[in-house]
Every structure is written in C-alpha cells, then in structure tokens.
Amino acid sequence: MFILKNCTLSFLLIACFGAASVNAEELWCKVTRKLDSEREYSRENLDKYQPGVFVRTGTSGATLSRCSYGSSGKWSCDKYTVDKIEIDNYTGHRKFYYYRGQFDVQVFNNNMFIENNGRGTISFGKCWVQ
C-alpha cells in the first residue's frame, strides 16, 4: 500500500509540474492574409506593417498582444489579458477570448491561426514558438 501511495503521489507531482511547463509557451503568429467587409489587404500592406499576434500562455493564464509597424515606422504592440481559453479535447485547437475588446484568436494544432477582431476584420496566418 505504501508503494502504491508513493507511486500515485509521484505520478501526480510529475503530471502537475510537467503540465505547467508544457502549457507555458510564447507563440508569434504572423498575419499572411487579412480582410474586412470592404477589402482584402494587399501583400504590400502586410509586408509594410507586418501585423501579428503574440500568444503567451503560462500557469497563471494567457495574454494576447497585437503588434504591427505604425505609419511612423515604429513597432508597437497592445497587450490584453485573456478572459477565457477553450481547448478542443479531440483536436488540440485552442481559442483565446478577450471579451472587452470583442476579439478572439484561435490557434489550430498545425499552428495556423485566425484572429477575429470582433469589428469586421479577420486575419489568418501561421504561428511559431518563440
């Protein structure tokens, strides 16, 4: 019985601490296609402003940072604390919601992503682990 309890405790500790380290990550999600109700953004526009999203997850939650070069040529990012994370148990797809800003970012298990900014613009692209 003592060995069984120790094995169970060891398994739980490994599972808990292992999961914490696996869940902590930073993704850079580069926008390769962006569209709204009026237009699809040109390749030149995407190359000039280089829009993207940082998705940072950790043991205490997640943040989303939308970044791009501004008209001034300076790189800037905004940062939001994620309100809710949904993970599909079958596919591994993850969806990060920020309610006040009415947007979400969905990262698929192949690291492709969709950002829905909640005001009519949708961006697509690929994420890389940083």
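Modeller: A pocket is an open set of grid points with protein on both sides within 12 Å along at least five of seven lines, and its lining residues have an atom within 4 Å of a point. This model is predicted.

Biologist: Which residues lie nearest the centre of the largest pocket?

Modeller: General idea: rolling a probe the size of a water molecule over the atoms shows where empty space is left. Here, the lining of the largest pocket has 17 residues. Nearest its centre lie Lys34, Pro51, Cys67, Ser68 and Glu115. The space inside comes to about 300 Å³.

Biologist: Which elements each supply at least two residues of that lining?

Modeller: They are β1 (25–35), α2 (43–49), β2 and β3 (61–69). By class, the lining has seven nonpolar, six polar and four charged residues.

Biologist: Take Gly52 in β2. Is Gly52 buried or exposed?

Modeller: Buried means under 20% relative accessible area. Gly52 has 4%, so Gly52 is buried. Strand β2 covers residues 52–58.

Biologist: What is Gly52 in contact with, beyond four places in sequence?

Modeller: Two stretches of chain. One is Trp28, Cys29, Lys30 and Val31; the other is Ser65, Arg66 and Cys67. Cys67 is 15 residues from Gly52 along the chain, yet their C-alpha atoms are separated by 5.4 Å. Cys67 is also among the residues nearest the pocket centre.

Biologist: Now the core. Which residues have the most contacts inside the largest nonpolar core?

Modeller: The general idea first. In soluble globular proteins, nonpolar side chains tend to be buried together. In this model, the largest nonpolar core has 18 residues, and Val55, Leu64, Val105 and Phe113 have the most contacts inside it. Two or more core residues come from each of β1, β2, β3, β6 (94–98) and β7 (103–107).

Biologist: What does Val105 touch, leaving out residues up to four places away in sequence?

Modeller: Val105 touches Val53, Val55, Leu64, Arg94, Lys95, Phe96, Phe113, Ile114 and Glu115.

Biologist: And Tyr80: with which side chain does its side chain make a polar contact?

Modeller: With that of Asp78, at 2.8 Å. Tyr80 sits in strand β4 (residues 75–81). Beyond four places in sequence, Tyr80 touches Ala62, Thr63, Leu64, Arg66, Tyr98 and Phe103.

Conventions:
Residues numbered from 1 in each chain as written. Predicted model: local features only at pLDDT ≥ 70, side-chain atom pairs only at ≥ 80, totals over all residues. Heavy atoms only, no water. Helix = DSSP H or I, 4+ residues; strand = E, 2+ residues; numbered from the N terminus. Buried < 20%, exposed > 50% of the residue type's maximum accessible area, 1.4 Å probe, protein only. Contact = heavy atoms within 4.5 Å. 1 Å grid on protein atoms, 1.4 Å probe; cavity = no way out; pocket = protein on both sides within 12 Å on 5 of 7 lines; lining within 4 Å. Points joined across faces, edges and corners; volume = space filled by probe spheres on them. Nonpolar A, V, L, I, M, F, W, Y, C, P; charged D, E, K, R; others polar. Core = buried A, V, L, I, M, F, W, Y, C linked by side-chain atoms within 4.5 Å. Polar contact = N/O pair within 3.5 Å; in protein donor to acceptor, adjacent residues only side chain to side chain.
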